[in-house]
Amino acid sequence: MHLRTIRPAAALLVTLLTLALTAVPARAGGPTLVVRWNQALLSAVRGGTLGPPMVSRALAIAHTCAYDAWAAYDAVAVGTRLGGTLRRPPAERTEANKAEAISYAVHLAATDLYPGQRATFDALMAELGHDPAAPDSQAAQTGLAACQAVLDHRHADGSNQLGGYADTTGYAPVNAPVVVAEPLTTLAQPGRWAPLTYRNAAGALVTPPFLVPHWGQVASFSGSARALADAVPAPAPYGSAGWQAQAAEIVATTAALDDRSKSIADYWSDGPASETPPGHWCLFAQQVSARDRHGLDQDVKLFFALANAGMDAGIAAWEVKRDHDSGRPITAIRDQYRGQRIPTWGGRTVDGALWVPYQPATFPTPPFGEYVSGHSTFSAAAAEVLRRFTGSDVFGGQAVVAAGSSKVEPGVTPARDVTLRWRTYSEAAEQAGLSRRYGGIHFRAGDQEGRALGRAVGDAAWKRAAAYWTGRG
């Protein structure tokens with residue numbers, strides 16, 4: 001059984017996440033090298049400012065570099081950029097050489113993606129017995145060559161990493177910013193996305209722009225992310241019966257929240273200073289690695305497939321978000337119910353023009369279009385890869401949300417510990433999607449269509465990854 005516990009922290013303003021394994025015998029030697037690098041990467045993610053799509057790409061790049069370095073020491077596998085040209089002779093295919101090549105490759109990728117966290121990556125290299133300033137061995141050179149080819153490709157992949165991920169498409173919202181603390185009076189186009197103005201955790205008044213509206217143009221790992229996104233049906237149009245019904249459903253859902261549903265919203269929130277949704281599923285993969293006693297070869301493949309499915313999920317979800325530029329519940333409900341008293345969470349009633357979702361006031365809604373849900377897409381894609389890799393949907397995971405740990409109602413909610421359990425990866429992915437409806441930031445269709453998109457993305461990424469490691473390229 002796998003346990004993830006949420007505990008209250010200083011002033012109950014910060015939620016700490018700790019991982020433990022129970023009822024699973026410890027693996028001799030501890031986590032694999034791949035897991036250790038994944039842990040270091042997630043630490044950088046928590047300390048950084050990149051949003052979910054950029055994080056998913058960063059994880060994919062690092063684990064692709066690990067895979068391509070590993071492939072040079074396998075008799076069959078081919079690399080994603082250089083094919084089999086780096087393959088080392090049988091005499092060099094030792095565990096030590098393989099591990100050294102992987103570490104030099106991931107270190108190069110990690111410092112490229114998170115240069116401000118270099119000290120952390122250097123410290124891990126030193127702990128592993130490597131000097132990144134002196135890559136003198138053949139294994140080190142092999143790892144660096146494998147990763148540099150990946151970086152060269154990704155620096156020109158449409159993400160604009162070297163330009164700070166700035167938008168390259170000239171996107172501009174059709175609506176003026178909505179001030180969260182003030183009642184909504186009017187929107188130019190209520191069915192479209194509107195920026196929000198609010199005070200962040202530092203107390204600064206901010207109006208975040210649409211996060212990376214160009215992301216649908218990023219090169220897909222499987223080659224099919226954009227086509228899968230373009231096949232997603234359109235959301236309910238503004239003013240239609242479906243549009244009105246979806247807003248009414250969120251009002252009713254958030255008004256009926258109890259400790260369990262609030263805990264689900266909190267646990268899966270993955271907002272600022274967290275691993276973000278792609279990283280959350282890496283934590284699950286770490287648990288699977290320990291549960292199934294993986295060796296290095298297995299984890300290289302697992303995290304390679306998982307991380308690239310996450311990247312493609314981000315590309316596909318953001319393509320849909322940009323295509324439809326759809327309004328979030330916070331603006332849709334304010335527009336539909338302004339001037340009316342409506343029920344909301346906490347047993348209160350409010351003027352619809354001031355309705356807020358069940359989210360921290362310092363991050364009331366993520367800054368990008370509603371349709372489709374990124375959480376749903378990332379989670380379904382990851383669950384598909386974990387199911388395919390392990391050969392079973394059985395997970396056996398659980399999380400304990402500690403009393404008073406809510407980021408929305410700190411010290412109050414939940415009244416006592418709440419345990420969330422998932423028999424399967426699919427159940428975990430379904431709950432991740434549902435959590436965004438409980439949290440009041442996605443409609444039902446955004447969740448469900450995101451799940452369907454994620455499953456298709458995960459399937460395509462899995463097949464592409466398996467083709468590489470079986471030598472079919």
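User: Which residues does UniProt list for "domain: DUF6851"?
Analyst: The model is predicted, so local features need pLDDT of at least 70 and side-chain atom pairs count only at pLDDT 80 or more, while totals for chains, interfaces and linings use all residues. Residues are numbered from 1 along each chain as its sequence is written, and side-chain values use heavy atoms, with hydrogens and water left out. UniProt positions follow the numbering used here, feature names are shortened, and annotations may be inferred rather than shown by experiment. With that caution, the unreviewed UniProt entry places this domain at residues 62-183.

User: Over residues 62-183, how many Å apart are the end C-alpha atoms?
Analyst: Helices (H or I, at least four residues) and strands (E, at least two) are DSSP runs, numbered from the N terminus. By that count the chain over residues 62-183 is 46% helix and 2% strand. The end C-alpha atoms of the stretch are separated by 45 Å.

User: At what angle do helix H1 and helix H3 pack?
Analyst: Axes are lines fitted to C-alpha atoms, for helices over the stretch in contact, and angles run from 0 to 180 degrees between N-to-C directions. Helix H1 covers residues 33-47 and helix H3 covers residues 95-113, and their axes are 11 Å apart. The angle is about 15 degrees.

User: Why is H1 described as it is relative to H3, and what is that description?
Analyst: Angles under 35 degrees count as roughly parallel, over 145 as roughly antiparallel, 65 to 115 as roughly perpendicular and the rest as oblique. Because the angle between H1 and H3 is about 15 degrees, H1 is to H3 roughly parallel.

User: How many nonpolar, polar and charged residues make up the contact of H1 with H3?
Analyst: Taking contact to mean heavy atoms within 4.5 Å, Leu33, Trp37 and Leu41 in H1 meet Ala99, Ile102, Ser103, Val106, His107 and Ala110 in H3. Ala, Val, Leu, Ile, Met, Phe, Trp, Tyr, Cys and Pro count as nonpolar, Asp, Glu, Lys and Arg as charged, and the others, Gly among them, as polar. The residues of this contact divide into seven nonpolar, two polar and no charged.

User: Which residues of H13 make the contact with H8?
Analyst: The axes of helix H8 (residues 259-267) and helix H13 (residues 425-438) come within 8 Å and cross at roughly 110 degrees, which means that H8 is roughly perpendicular to H13. From H8 the contact draws on Arg260, Ser261, Ile264 and Ala265, and from H13 on Gln431, Ser435 and Tyr438.

User: Which strands stand at the edges of the open sheet of three strands?
Analyst: The order in this sheet is E3-E4-E5, with mixed pairing, where two strands pair if DSSP finds at least two bridges between them. E3 and E4 pair in the parallel sense over two bridges, whereas strand E4 (residues 196-199) and E5 run antiparallel, also joined by two bridges. Each edge strand has a single partner strand, so one side of it is left without a neighbour in the sheet, and these strands are E3 (178-179) and E5 (205-206).
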